[in-house]
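Reader: I would like a close look at one part of this model: its aromatic side chains. Please take me through how the rings pair up.

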Amino acid sequence: MLRFTTKCFITISLILSVFAATAVELNFYLPKEKLNENIPTPESVLGYQVGDWHVRHDQLVMYFKVLAQHSDRVSLKVIGKSHEQRELLQVTITSSANHNKLDSIQQQHIARLSSSKKPNSDTLPLVVNLNYSVHGDESSGSNASLLVAYYLAASNNPEVLKYLDKMVILLDPSLNPDGLSRFAQWANQHKGHNLNADPNNREHVQDWIRGRVNHYWFDLNRDWLLLQHPESQARIAQYHQWRPNVLTDHHEMGPHSTFFFQPGISSRKNPLTPDKNVELTKRLATFHADAFDEQNKLYFTEESFDDFYAGKGSTYPDLHGTIGILFEQASSRGHLQESINGLLDFPTTIKHQVMASLSTLKGSLVNKNDLLDFQYEFSQQYKELAKEIDFDGYILSEQDDKTRFYSLLSLLQQHDIEVYPLSKNTEINGRQYDQQNSVYIPLKQPQIRLIQSVFSTRKSFNDNTFYDVSSWNLAMAFNITFDKVESKRKVKLVDQEWQRPERKPHANILANYSYAIDWADYHAPALTYALLNANFKVRAALKPFTAKTPNGVKQFAAGTMLINAGLQHGDWVTMFNHIVKQFSVPVSAITSGLTPTGIDLGSRNMMPVYKPNVLVVGGFGTNSYEVGETWYLFDKQLGFSPTIIEKRWLSKTDLDKYTHIIMTDGSYSKDDDSLIDKLKVWTKAGGVLWSQKRTALWLAKNGVLKSETLTQKEMNERFDKTQLNYSDMESIAGKQRIAGAFFNLKLDLSHPLAFGYNKPMLPVFKNRTDLLVEGTNPFTNVAKYTDAPLIAGYADETNVNEIANASGLVAHKYGKGVVIGMTDNPNFRSIMYGTNKLMFNALFLGKAIEAK
């Protein structure tokens, strides 16, 4: 008698799958009913049935344009373009009658939120926003969007007609076009005529840069709040134009799971999300459950997937009166893959996303009035909420770097946060705030919840286990001074919202003795690079000085970049004018090289600055997010794209042409010993080597970076586990890690890597516990954590105590070169405008470091 184990069954299934095909009929996905034959099916446009191949973004666009041409229920708007210039679509699906008055519906929908009298919820359509595949390799969502749109356009089912009559459905078929297309190419090019379900097959194991991320290798599901990318900026602009009542966010997870829909873990919701939101989410969940029960499909709820970070697709809506719903489908990644539940094929994953989309519409229609009422009440609550809070608003100020300051204020306004200029100077909490350099953000405005969220300094929570970050304080990220204002009476405001000042072009520059670039401005490094790229001779002041200008004597800080007329060639004035006028960076004329105080312009403390030629180490073993963030920082903020070389090729690469090597977080082992030797030779010859997080510890372990270390593993061992039970495992893991919190560094402002900073305290974002322990040479410490370093977010006291007074940034000479180590990422998600300058300084001022 034959006996079969589960493993045997899967193995036999795998063998049989070699002869399987994925092609299915349309009625596999959609309710069995007669559909309008005049509406083109996805298959008729693509040339294959959905699920047979992974759809590319250009094919999505093609189909939706054809669909809009053939259906008066569907309209299409291009709301922006991705980095790779792919069109970002907003597809609107509703009845023909609603389409004819769509602008009026949109205006009334928004107007009702601020109405003094509660509107009649029967009179306006509900707005439902379906969003698919923000992670490009979680592509079942984007493929499902074709079928959902087709069905809504072609069905005459009375229930569907009610959807169209009572709702405006906004559909985004691909939140990440560049990642989706990258993944589709990968999966399709590795698909055989006979499918292979082996998880080890190349089809299921992507290269280093996966389809999950966008062009610059960012996770766009973390960018809803930060808005660093065009995909997010376009999406949020449309979100605020429509303020949908329900928003779905369709994802995938590991192949051995089933299907998840919210609610998630109840203790891990954002504390500013109303309980009513959870109640309505649970109500909608019953419709998803009914749909999956009817077809005997497995699913789960209230496990994993927290709803805390305000910058995710299912949480950002919750802070705006929208019901945000996360869906997670077990992923086939390719076309067919083994799982503990049997063979998981691509069409089935798509089918489940279609089912969840339609159950959302069904549940939303049944709860239409309650959803509309909830959003109205949510929008009205800000007045009462403001009364319950013991302060009235926030005051923000920045004197020296208007570029950084204005970037933060513009970001806040993209989120419909009201910002007001001051009409007179004021004192708050013992600190003077100058009206020219300060703004006020009142809590008493519709965005009260989001304001509290983005300025929160909270350190303790009901549940200290976080799926993502525990703090995202934007003022700290931008290193902007801010204070709570106890009473609005203490500030006098201009009676209109702040507007970013128009950039005043620099006056024509004449051939003065020298010109000084203010290094405090965020864009000063970009201006400096542009000048170096145009072969200007640039000097950096390593000490402060005063100098004579056409308007009198002026003070200049260490780090000031000098363009001395006597060092330039040809018609430099014309070129200088052309370049300088592209930036808003303060530039001052200097009339004499003899200074009233401090170093003269011909001093040996005026260091020559050379154009950096930067290599960034990437590839397997490195953190692709951090590599992408570094690439994006240099490309967007400095004006050049660095060379990115995979770690495995470095030992065969001639490094002599590079002035700087940037090594972000990564995993290094004895297999990389030959790389250490090469880096030592290169650095000793004069290179500047930047390292961060685990890579910095690796350099220290190998004697390149002079510092003792504490690894994350060693930090974890400081927690006492002797009295714990098995059930405590998740809780202790939450205490051991730092999911993402702000800590205070104290800078040595005299150090070249700190030039351009005007205050010693610098918030830094920490999401690992690895540490560099202070060495014997005090001159190597650029920055140290303070005595009480945690300033926002969660970290267990055991970790905080160990981090206190540890080194945060170490730099010293190594032969003729310089090695730099940092235990944090200064460019986390490209929002850390405050710590970016540390890396900028390494590029332009690293050679000034003398500590041995």
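Author: Phe634 and Phe640 are both buried. This is a predicted model. The ring centres of Phe634 and Phe640 lie 5.3 Å apart, with the planes at 25°. Planes under 30 degrees apart count as stacked, so this pair is stacked.

Now take Tyr668 and Trp698. Their ring centres are 4.3 Å apart and their planes stand at 15°, so this pair is stacked too. Tyr668 sits in the loop between strand 25 (660-663) and helix 21 (673-684). Trp698 belongs to helix 22 (residues 694-701). The pair therefore ties together parts that are 30 residues apart in sequence. Both Tyr668 and Trp698 are buried.

These two pairs are part of a longer list. The structure holds 40 aromatic pairs. Some rings join into a cluster: ring pairs link Trp208, Tyr216, Trp217, Phe218, Trp631 and Tyr632.

Charges meet rings as well. Arg235 places its charged end over the ring of Trp224, 4.1 Å from the ring centre. Lys351 lies over the face of Phe28, and here the distance to the ring centre is 5.0 Å.

Helix 19 (residues 624-638) gives the largest share of the lining, 4 residues. By class, the lining has 11 nonpolar, 7 polar and 12 charged residues.

Notes: Residues numbered from 1 in each chain as written. Predicted model: local features only at pLDDT ≥ 70, side-chain atom pairs only at ≥ 80, totals over all residues. Heavy atoms only, no water. Helix = DSSP H or I, 4+ residues; strand = E, 2+ residues; numbered from the N terminus. Nonpolar A, V, L, I, M, F, W, Y, C, P; charged D, E, K, R; others polar. Phe/Tyr/Trp six-rings, centres within 6.5 Å; stacked < 30°, edge-to-face > 60°. Buried < 20%, exposed > 50% of the residue type's maximum accessible area, 1.4 Å probe, protein only. Lys NZ or Arg CZ within 6 Å of the ring centre and 35° of its normal.
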